[in-house]
Amino acid sequence: MIKVAIMGYGTIGSGVCEVLESNREVLARAAGQELDIKYVLDLRDFPGSPVEKKIVHDFDVICRDPEVKIVVETMGGLEPAYSFVKACLEAGKHIATSNKALVAAHGTELLAIARKKQVNFLFEASVGGGIPIIRPLYRCLMGEKIKEITGILNGTTNYILTKMDKEGTSFDRALKEAQALGYAERNPEADVEGYDTCRKIAILTAMVTGKEVNYEEIPTEGITKITDVDFKYADAMGTSIKLVGSARMDGGKVHAWVAPLMIGKDHPLYAVSDVYNAILVKGNMVGTTMYYGSGAGKLPTASAVAADMVEAARHIDSNISIGWSSEKQAIAPADQAVYRFFVRVSGTYEDRRDMVEAAFGKCKVVELEGLDEFAFLTGPMKRSGFMENLEILKVELTAEYQKVLQVIRAE
Ligand code: HSE
């Protein structure tokens, strides 16, 4: 029997307890022995709960107990999670965490400590909740050169965009509904500004390149500027708009970014709706693979944590070679990546055809009834070239008291 401790008895931590109880036999068979919760660390008491007698308030009780071999970190945030996790690894305990902020900010150091101490720092639940993605990368796809990872990595924003798409709801209303349903936080900034997706794509990029990725270098745009009018155009064009995190490996260069992306019906991510997440991984031999499921939520995320506990139990005396080194992976300037661009312009197309064609050549143009504006979709071009031509167009439009209303990257 292996003694384990859980730090943080919130949604995910209590979910881990539930998974360990419900799947006790399955997990014992997989791990080769039972996983027994010795302590649950939280500031609060939980009278009447199944872990009432296991609650401790002092971290040192866990850290100093040599019987505890595996520690789960489901506290979230950077502190005290970072200090506690570091101390546990230094004390020779394995870690299973769901905390993407911790992994993105301190993963390099924590992985190095785990290597030195011959234990494991595991974080399957930090990206894509219950979707297997970290383990497929270091096990199933270990013989592949990964060319691209593109994913819908945030359930809250995918829920909001799906509402806007399917029901014509405004961003503000969709956000309020997401909050009422408990999907979005009271302060939704990390989700809607794309910061959560940014940390997740940084972790995946580091997994693929084997080098440290500074998430602050990844250009990140959220969904707060996407409107219901954008979705009217998307609908007319047979497309949808999704918040996507993407990394393309091109020779030694990595183009990584987070932004809303307009995708067509034939794109594998098109049908990924509501709070679901999906991650597309392209390898040089295997081609395209995709991983789909619940990207957040109590039991799906807890299931991924439990699987990491089994992984740790099976490698209790050794370090699995995963993650990345302290060598830095540069992120190539976003303006070198090639995309199509969807642009909305005020006024009528008829009067502006020449200036649009002079700037971008022949484009697909959409005019919707009842709107004093039009939209066009460029051909594939580097972002740098697009931005230069867009500036020229803006100057010409200003002379006519018109303006560019929206720009969205498109596949
Ligand atoms: N806020 C995140 C989401 C939680 O909506 O996907 C899971 O990381």
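Student: On the other side of H13, which residues are exposed?
Tutor: First, this is a predicted model, where local features need pLDDT of at least 70, side-chain atom pairs count only at pLDDT 80 or more, and totals for chains, interfaces and linings use all residues. Residues are numbered from 1 along each chain as its sequence is written, and side-chain values use heavy atoms, leaving out hydrogens and water. Helices (H or I, at least four residues) and strands (E, at least two) are DSSP runs numbered from the N terminus; exposed means over 50% relative accessible area, buried under 20%, partly exposed in between (1.4 Å probe, protein chains only). On that other side of H13, the exposed ones are Asp354 and Ala358.

Student: And which residues of helix H13 are buried?
Tutor: H13 covers residues 353–360, and its buried residues are Met355, Val356, Ala359 and Phe360. Seen down the axis of H13, they line one face, because they fall within an arc (taken from the directions from the helix axis to the C-beta atoms) of 105°. In general, an α-helix has 3.6 residues a turn, so residues three or four places apart point the same way. So the buried face, within that 105° arc, is made by Met355, Val356, Ala359 and Phe360.

Student: What do the buried residues of H13 pack against?
Tutor: Contact here means heavy atoms within 4.5 Å. By that test, the partners are strand E14 (373–377), strand E15 (381–382) and helix H14 (383–399).

Student: Which residue follows H13, and what is its phi?
Tutor: The helix runs over residues 353–360. Next comes Gly361, with a positive phi near 75°.

Student: Is Arg352 buried or exposed?
Tutor: Arg352 sits in the loop between strand E12 (338–346) and H13. Leaving out residues up to four places away in sequence, Arg352 touches Ser346, Gly347, Phe374, Leu397, Glu400 and Gln402. Its relative accessible area is 6%, so Arg352 is buried.

Student: Which side chain has a polar contact of 2.9 Å with that of Arg352?
Tutor: A polar contact is a pair of N or O atoms within 3.5 Å; within protein, one must be able to donate a hydrogen and the other to accept it, and residues adjacent in sequence count only if both atoms are side-chain atoms. At 2.9 Å, the partner of Arg352 is Glu400.
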